[in-house]
Amino acid sequence: KYSLLSPLLLIACLAVFIANPKAVLSQNLTTNNTANYKVRTWFGYSYRSVVLLGKTANTTTQFYSLGISKHVKTYSSGSHLYYTVDVTPYLKYNYPQRDNNQLKTDAIGFGFSPFGVQFEHLFSNRLSLLSGTSGGFALVNQNFPTDKGRKLNFMFDLSTSILTKLANHLSIAVGYKFHHISNANTGSQNPGIDSNFLYFSIHIN
C-alpha cells in the first residue's frame, strides 16, 4: 500500500494559490502583464493503450492532476515559455495481467512530475495553443504491469491543447496527451504502457 500523505500536502500547498489567485498571483507580473505563476488542474482519460514504446495493450487509464507553471520567457511574437511542475494525487490503470491469463486488474497510485516545459502560442487575446512535455515518477499499490515489474515507475508525456480565456484570471483548455509509463528496466520485466489521453483543464492566472 502507498501513503496519500505526500500528495495531500502538495495539494494543500496548491490550494493556497487556488483559493485566492488575485492576491497570490496578480501582484506578481512580468513587464508585459503576464502572470509569473499560473495554477491549473486537469482530468484525463485514455480508453485504450497503444503499443509503441510500451508493450501492454488494452489498458484504460485515468488521471487527475494539479500543477503550477512559472513564466520563463516572452518571445517577440508575444508567445510565452513556462516551466511546469505537476502532482497527480490520483491515477488508475485498468490493465490485463500477463501473469494471470490476461485477467483485468487495477493499479492505483499517485505521481509527481517536477520537470516540464510548456509553450503558449497566442492566436488572439482569448485563444492560444499550448504545447508541452514533462517527466517524473509514479508510485502504485502493486508491482505493475506484471508481477515482475515494480511499484515505482517513471513517466513522461507530450501534450497539445487549445486554451480559451473566459475571464481575466480564468481559462479552460481541451487537448490530447501522449503518456508513457515504465520502470526504465529497473524491474525484471519492463512492458510499459502508452496512453492516448483526451483531457480537460482549468487554468487560474
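These legends accompany close-up views of a predicted model of one protein chain.

**View 1. The protein chain and its elements.** The protein chain holds 2 helices and 8 strands, which follow one another from the N terminus as α-α-β-β-β-β-β-β-β-β. Helices (H or I, at least four residues) and strands (E, at least two) are DSSP runs, numbered from the N terminus. Of the 205 residues, 43% are buried, a term for under 20% relative accessible area with a 1.4 Å probe, protein chains only.

**View 2. The surroundings of tryptophan 42.** Tryptophan 42 belongs to strand β1 (residues 37–46), and it counts as buried because its relative accessibility is 9%. Leaving aside residues up to four places away in sequence, tryptophan 42 touches Phe63, Tyr64, Ser65, Asp86, Lys177, Tyr199, Phe200 and Ser201, where a contact means heavy atoms within 4.5 Å. Serine 65 is 23 residues from tryptophan 42 along the chain, yet their C-alpha atoms are separated by 5.4 Å.

**View 3. Strand β4 and its two partners.** Strand β4 (residues 103–122) runs antiparallel to strand β3 (residues 80–97), with 15 bridges joining them, and it is also joined by 12 bridges to the antiparallel strand β5 (residues 127–144); strands pair if DSSP finds at least two bridges between them. Glycine 116 in β4 stands opposite threonine 84, and glycine 116 also stands opposite serine 134 in β5.

**View 4. The two hairpins.** The hairpin of β3 and β4 has 5 residues between the strands, and there asparagine 101 takes a positive phi near 55°, while the hairpin of β4 and β5 has 4 residues between them.

Residues are numbered from 1 along each chain as its sequence is written. Local features need pLDDT of at least 70 and side-chain atom pairs count only at pLDDT 80 or more, while totals for chains, interfaces and linings use all residues, and side-chain values use heavy atoms, with hydrogens and water left out.

Terms used:
Buried means under 20% relative accessible area, exposed over 50%, partly exposed in between (1.4 Å probe, protein chains only).
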